[in-house]
Amino acid sequence: MLKKISVAHSPDADDIFMYYAIKFGWVTPKDAVFENIADDIESLNQATLKGEYDICAISFALYPFVKDEYALLKTAVSFGEGYGPKLIRRKETKLKRNFKVALSGEYTTNALLFRIAYPEARITYMNFLDIEKAVLDGTVDAGVLIHESILTYSSELEVEKEIWDIWIELSGGNLPLPLGGMCLRRSLPLHSAIDYENTLIKAVDVANKNRKVLAPMLLEKGLIRVDAKLLDNYLDLYANDNSVKMSEIQYKALDKLYELGYKHGFYENLIKAEDYLIPSEYEELRNK
């Protein structure tokens with residue numbers, strides 16, 4: 001009997017897109033069946049802290065808190081390149097230093113960068129789908145929009161600050177903005193972990209190369225919250241060639257994020273991302 005492996009991802013378009021080559025049976029692991037669960041990113045962050053899933057999408061900012069229990073995967077990653085989450089407010093309003101803001105979760109990457117940039121802001125956390133409405137009805141003075149909402153927010157709102165600009169100011173520039181990735185439970189056997197990661201790498205690659213086929217299928221099944229044009233725009237941003245397998249510059253960006261978090265007291269230890277990957281070279285050595 002094949003082992004069942006839980007794989008949790010968010011319901012936003014890029015995560016669904018990157019996973020569904022597996023769901024549709026285009027790519028399969030050798031010795032397991034993947035069972036997928038979709039939930040908002042902060043719920044997944046919290047679930048990972050509790051060790052609920054075998055493989056889980058997370059905000060990159062969470063990873064230092066779970067590094068001993070989970071290995072960082074090289075694939076299904078989202079980075080911003082001149083774009084990312086947006087701090088928005090109602091038009092014709094001005095924000096005080098201690099403005100009330102809605103963020104999508106304590107462990108999200110945007111929350112880490114926001115808290116460094118705006119230490120006096122009064123933060124409330126809520127589901128990312130509720131943030132735009134909270135700003136519009138005055139429940140909060142501002143909010144940070146993520147996922148597809150960065151493309152679809154009301155004309156009554158405008159951008160106060162791009163999280164990308166905060167990242168550039170804090171990091172010194174020239175690095176992509178790390179947003180989200182995936183991690184895998186360390187207690188899984190190493191040969192299985194390598195296979196599961198390779199399966200996910202292949203799934204993201206297959207999805208990316210077959211976007212014109214896969215994207216309409218997802219839209220037809222009602223799995224995506226946006227229309228075809230917006231989906232295409234969104235996948236250009238967050239599910240592209242750079243999502244298949246992390247590059248050296250992406251590792252450098254992660255290291256800078258963790259350095260900033262450590263410097264500002266959010267992490268107890270300073271870590272380097274590449275020290276926490278699955279040692280896939282083990283499989284190569286075994287095959288020799």
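This is a predicted model: local features need pLDDT of at least 70, side-chain atom pairs count only at pLDDT 80 or more; totals for chains, interfaces and linings use all residues.
His-147 sits in the loop that links β9 to α5 (149-152).

**The histidine**
- An unreviewed UniProt entry gives His-147 the feature "active site".
- His-147 has 15% relative accessibility, and because buried means under 20%, His-147 counts as buried.

**The strands around β7**
- Strand β7 (residues 100-103) pairs with strand β8 (residues 122-125) in the parallel sense, over 4 bridges.
- Between β7 and β8 the chain passes through helix α3 (residues 109-117), and this β-α-β crossover is right-handed.
- Strand β7 is also joined to strand β9 (residues 142-145), by 2 bridges, and these two strands run parallel.
- Ala-102 has a bridge partner in each neighbour: Thr-124 in β8 and Gly-143 in β9.

- In soluble globular proteins, nonpolar side chains tend to be buried together.
- The largest nonpolar core here has 87 residues, and those with the most contacts inside it include Phe-34, Phe-60, Phe-114 and Trp-167.
- Helix α7 (residues 190-209) gives this core its largest share, 9 residues.
- Because domain 1 (3-79 + 178-287) and domain 2 (86-171) both give residues to this core, it lies between them.
- Another core, of 10 residues, lies apart from that one, and among its members are Ile-88, Met-126, Ile-131 and Leu-145.

Notes
Residues are numbered from 1 along each chain as its sequence is written. Side-chain values use heavy atoms; hydrogens and water are left out. Two strands pair if DSSP finds at least two bridges between them. A crossover is right-handed if, with the strands pointing away from the viewer, the path from the first strand over the helix to the second runs clockwise. A nonpolar core is a set of buried Ala, Val, Leu, Ile, Met, Phe, Trp, Tyr and Cys residues joined through side-chain atoms within 4.5 Å. Buried means under 20% relative accessible area, exposed over 50%, partly exposed in between (1.4 Å probe, protein chains only). Domain bounds come from an automatic or database domain assignment. UniProt positions are given in the numbering used here, feature names are shortened, and annotations may be inferred rather than shown by experiment.
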